[in-house]
Amino acid sequence: MSDEKVLTKQVDDDGLCVITINRPDAMNSLNGELVGQLWHEFYEMRHDDAVRVIVLTAAGDRAFCAGADLKERATMSESEVRRRIDDYRGCFGAIDNCPKPVICAINGYAFGGGLELALACDLRVVNADTKVGLTETRLGIIPGAGGTQRLPRVVGVAKAKELIFTAKRLTGKEAEAIGLANYAVPADQVLDRAKELGRAMLDSAPIALQQAKIAIDAGMQADLNTGLEIESRAYAVTIPTEDRQEGLAAFREKRKPNFKGK
Ligand SMILES: C/C=C/C(=O)SCCNC(=O)CCNC(=O)[C@H](O)C(C)(C)COP(=O)(O)OP(=O)(O)OC[C@H]1O[C@@H](n2cnc3c(N)ncnc32)[C@H](O)[C@@H]1OP(=O)(O)O
């Protein structure tokens, strides 16, 4: 393990947390240490009330994440590669299942596992001039960290097949046009736009945010009637909360609500 931290974390007083991948010299690619730390951090944040909304980004101006660390990969046995793919799935699953909104600020290249990492987040803001893509088929493999499942759910089956079969590298602007990114902005505005989105969510009640995320994510895997049942159960969780009473009181008193996540 090197002395330099591969991941940094900053939480402000309002609960906006910025996680920064810090391997810029290796294009922020995913080695074992980074995957382990990301996984651990997202597990910890599940239970940390000081964190309400998360922005995930990376250091430097070239890459968000160039996917698997291909130099490390070249040294690994087949069984080590299998295990590493499982680690990606566990790590990205922890991000996907994080009960708080996660916004990915794609500051530069996002290829292979790097884009799969971004797809595990709820929203994406991308550098308009960078390139992103699931490039794995050009390396004799397939997207194995959720890409074959999450990309079609975001952009539709036919577009996902086109992108995966051709390993196409899209510009940030093109990613925005197909809904892969919520916003494409100039490079120097990526992090600020992601934080701005995050701050807009801080005004919403934490339990309401969690339940809305659960309802959307679980409901999208189900038929409409099951999805509506999931929504109904998620709504029911919010009914006995102090925050619901606070929301009504704040409306009555014409003031901003002070939500406590209770
Ligand atoms: C389940 C998951 C599977 C996967 O993720 S498979 C991997 C998918 N990733 C890719 O296909 C991207 C591979 N990388 C590239 O295509 C290019 O690179 C870039 C477009 C990202 C950048 O190109 P350029 O600007 O010309 O720079 P450069 O000289 O190629 O790279 C700069 C340094 O960064 C290292 N690097 C780039 N990508 C990776 C990587 N994925 N793993 C480890 N190192 C990487 C290079 O080797 C080099 O380093 P040095 O200066 O020592 O030669």
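Visitor: In this model, which residue has an N or O atom in its side chain at 2.8 Å from an oxygen atom of the ligand?

Guide: The model is a predicted one, and a polar contact in it is read as a pair of N or O atoms within 3.5 Å. Here the side chain of Arg 62 supplies such an atom, placed 2.8 Å from an oxygen atom of the ligand.

Visitor: Where does the ligand sit, and which elements give two or more residues to the shell around it?

Guide: The ligand sits in the second largest pocket, and the elements that give two or more residues to its shell are helix H2 (70–73), helix H3 (78–96), strand E6 (109–111) and helix H4 (113–119). In total 20 residues surround the ligand, with Arg 62, Ala 66, Ala 68, Lys 71 and Gly 113 the closest; by class, the shell has 9 nonpolar, 5 polar and 6 charged residues.

Visitor: How many cavities of 30 Å³ or more are counted, and what lines the largest cavity?

Guide: The count is 1 cavity of 30 Å³ or more, and the largest cavity holds about 40 Å³ of space. Its lining includes Leu 115, Val 132, Gly 133 and Lys 168, and the lining residues divide into 7 nonpolar, 1 polar and 1 charged.

Definitions and conventions. Residues numbered from 1 in each chain as written. Predicted model: local features only at pLDDT ≥ 70, side-chain atom pairs only at ≥ 80, totals over all residues. Heavy atoms only, no water. 1 Å grid on protein atoms, 1.4 Å probe; cavity = no way out; pocket = protein on both sides within 12 Å on 5 of 7 lines; lining within 4 Å. Points joined across faces, edges and corners; volume = space filled by probe spheres on them. Nonpolar A, V, L, I, M, F, W, Y, C, P; charged D, E, K, R; others polar. Near = heavy atom within 4 Å. Polar contact = N/O pair within 3.5 Å; in protein donor to acceptor, adjacent residues only side chain to side chain. Sits in = over half its atoms within 2 Å of the grid points. Helix = DSSP H or I, 4+ residues; strand = E, 2+ residues; numbered from the N terminus.
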